[in-house]
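This briefing looks at the nonpolar cores and the disulfide of one protein model. Please read it alongside the sequence and the coordinates.

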Amino acid sequence: MNRKNLTAAVLAGLAGVAGIAGTAQAVNLNPDGVGQVLLYPYYTTNDGNQTLISVVNTTENAKAVKVRFLEGFNSREVLDFNLYLSREDVWTAALYQGEACAGFECVTTMVTADTSCTVPYIYGMGGMQEFLPYAFTGDFADGGPDGMSRAAEGHIEMIEMGTLVGDAAADATHADGVPADCEALVDRWTRVVGGDNGEWYDEAVDNDGQASTDTTRNSGGLFGAASVINVSKGTMYSYDAKA
């Protein structure tokens, strides 16, 4: 995988999705490494490697961030979730190959001991989530490998969706290292059969995916980094995410 070309391709894709005319030069890379979108050009769990990732909210505002892991063969999504960062918050996680192996098919797993709110609340589910094959199998097969080995390397995107205000900001804000109420944020996205759906779920259904209550425009200030570590070989390669 050519990491430099991958970064350029992802930037071009983001520019196109945003409806920006011209080339990817319309997206500004911040030399200080702080911005609204973070691109982590490479992760791997192959050959005994583990990848450690972190994201820092350098601002005094709570934020909603989309986290996406995309495999390396065809950039199909293998895991995504919403991350809600408290003011001046740091979220960390690690990627490794779990024990669910069949022959050479080992499943990459994300693990986190960080209490920051996510939807779904991964910390509350034991802090672990395996990567998933649904975007490149069945009706979404793309002619490439259909085993989970293709998800053992790829890249990561973190995209700020908005700044939290009001009750949502209060729910995400830490007190003594623990957010006030992560389940309240999960409830906002929950579809309830025969009952009242969460307000963000209903807003997204009615407004082409957009939920707006207790949120304002994104305001930047995200910083990220990653390290690829191989304990048995004694190696570590670190980089800052492109902002």
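Are Cys-117 and Cys-182 buried or exposed? In this predicted model, Cys-117 is buried, and Cys-182 is buried as well.

**The disulfide**

- The torsion about the S-S bond of Cys-117 and Cys-182 is about -85 degrees, so the disulfide is left-handed.
- Because Cys-117 lies in strand β7 (residues 117-119) and Cys-182 in helix α3 (residues 182-188), the pair ties together parts that are 65 residues apart in sequence.

**The largest nonpolar core**

- The largest nonpolar core has 30 residues, of which Tyr-40, Phe-69, Trp-91, Met-110, Phe-131 and Met-158 touch the most other members.
- Two or more residues of this core come from each of β1 (37-44), β2 (50-57), β3 (63-71), β4 (77-85), β5 (90-102), β6 (105-111), β9 (153-164) and β13 (222-230), and β4 gives the most, with five residues.
- When neighbours within four places in sequence are left aside, Met-110 is in contact with a set of residues including Phe-69, Leu-79, Phe-81, Trp-91, Ala-93, Ile-122, Met-128 and Phe-131.

Notes. Residues numbered from 1 in each chain as written. Predicted model: local features only at pLDDT ≥ 70, side-chain atom pairs only at ≥ 80, totals over all residues. Heavy atoms only, no water. Core = buried A, V, L, I, M, F, W, Y, C linked by side-chain atoms within 4.5 Å. Buried < 20%, exposed > 50% of the residue type's maximum accessible area, 1.4 Å probe, protein only. Helix = DSSP H or I, 4+ residues; strand = E, 2+ residues; numbered from the N terminus. Contact = heavy atoms within 4.5 Å. Disulfide = S-S within 2.5 Å.
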